[in-house]
Amino acid sequence: MVRSADSVGANISEGFGRFHYKDRLKFIYYSRGSLYETKTWLKKSKNRQLIEEELSNSLLKELDILGVKVNNYINVLRKNINKEQTNYNK
C-alpha cells in the first residue's frame with residue numbers, strides 16, 4: 001500500500017517535469033491508476049482488520065478528493081493538447 005501511495009505523487013512529479021502535454025498526461029494516468037490501487041489496498045487492509053474502520057474511511061475520503069483533483073488535472077491537460085494540436089494545424 002505504501003508503494004502504491006508513493007507512486008501517486010511520484011508520477012505526478014515525473015509528469016510535471018515533462019515538456020509535452022502528452023507525456024505529462026501519460027504519467028497522470030499512471031498516477032490515477034496508483035490512486036485506485038491504493039484504495040484497493042486500503043479496503044483490503046480494513047477487511048483484514050489491519051486498520052481501524054474509522055481511519056480507513058477517513059483515508060478513503062481523502063483519496064476520493066485527490067481523485068477529483070487528478071481527474072481535473074487530466075481534463076486541463078487534454079484541453080492543452082487540443083489547443084496545441086489546433087495551433088499546429090493552423
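Is Asn11 buried or exposed? Asn11 is buried, with a relative accessible area of 12%. The model is predicted, and the protein averages a pLDDT of 93, with 96% of the residues scoring at least 70.

**Confidence**

- Among the elements of the protein, helix α2 has the highest confidence, at 96.
- Confidence is lowest in helix α3 (residues 53-89), where the mean is 91.

**Helix α1**

- Helix α1 has 15 residues, which at 1.5 Å a residue should span 21 Å. The C-alpha atoms at its ends lie 22 Å apart, in agreement with that expectation.
- The buried residues in α1 include Ser4, Val8, Asn11 and Gly15.
- Ala5 also lies in α1, but with a relative accessible area of 36% it is partly exposed. A residue counts as buried under 20% and as exposed over 50%, so Ala5 falls in between.

**Packing of α1 and α2**

- Helix α1 (residues 2-16) packs with helix α2 (residues 21-47) at an angle of about 170 degrees, and their axes are 8 Å apart. Angles over 145 degrees count as roughly antiparallel, and the two helices are therefore roughly antiparallel to each other.
- On the α1 side, the contact is made by Ser4, Ala5, Ser7, Val8, Asn11, Ile12, Glu14, Gly15 and Phe16.
- On the α2 side, the contact is made by Arg24, Phe27, Ile28, Tyr30, Ser31, Ser34, Leu35, Glu37, Thr38 and Trp41.
- By type, the residues of this contact divide into nine nonpolar, seven polar and three charged.

**Individual residues across the contact**

- Asn11 is in contact with Phe27, Tyr30, Ser31 and Ser34, leaving aside its neighbours within four places in sequence.
- Ala5 and Ser31 are separated by 26 residues in sequence, and their C-alpha atoms are 9.2 Å apart in space.

**The loop between α2 and α3**

- Gln49 is found in the loop between α2 and α3.
- Its relative accessibility is 72%, so Gln49 counts as exposed.
- Phi of Gln49 is near 60 degrees, a positive value in a residue other than glycine. Most residues other than glycine have a negative phi.

Technical notes. Residues are numbered from 1 along each chain as its sequence is written. This is a predicted model: local features need pLDDT of at least 70, side-chain atom pairs count only at pLDDT 80 or more; totals for chains, interfaces and linings use all residues. Side-chain values use heavy atoms; hydrogens and water are left out. Axes are lines fitted to C-alpha atoms, for helices over the stretch in contact, and angles run from 0 to 180 degrees between N-to-C directions. Helices (H or I, at least four residues) and strands (E, at least two) are DSSP runs, numbered from the N terminus. Angles under 35 degrees count as roughly parallel, over 145 as roughly antiparallel, 65 to 115 as roughly perpendicular and the rest as oblique. Contact means heavy atoms within 4.5 Å. Ala, Val, Leu, Ile, Met, Phe, Trp, Tyr, Cys and Pro count as nonpolar, Asp, Glu, Lys and Arg as charged, and the others, Gly among them, as polar. pLDDT is the predictor's confidence in each residue, from 0 to 100. The expected span of a helix is 1.5 Å times one less than its number of residues. Buried means under 20% relative accessible area, exposed over 50%, partly exposed in between (1.4 Å probe, protein chains only).
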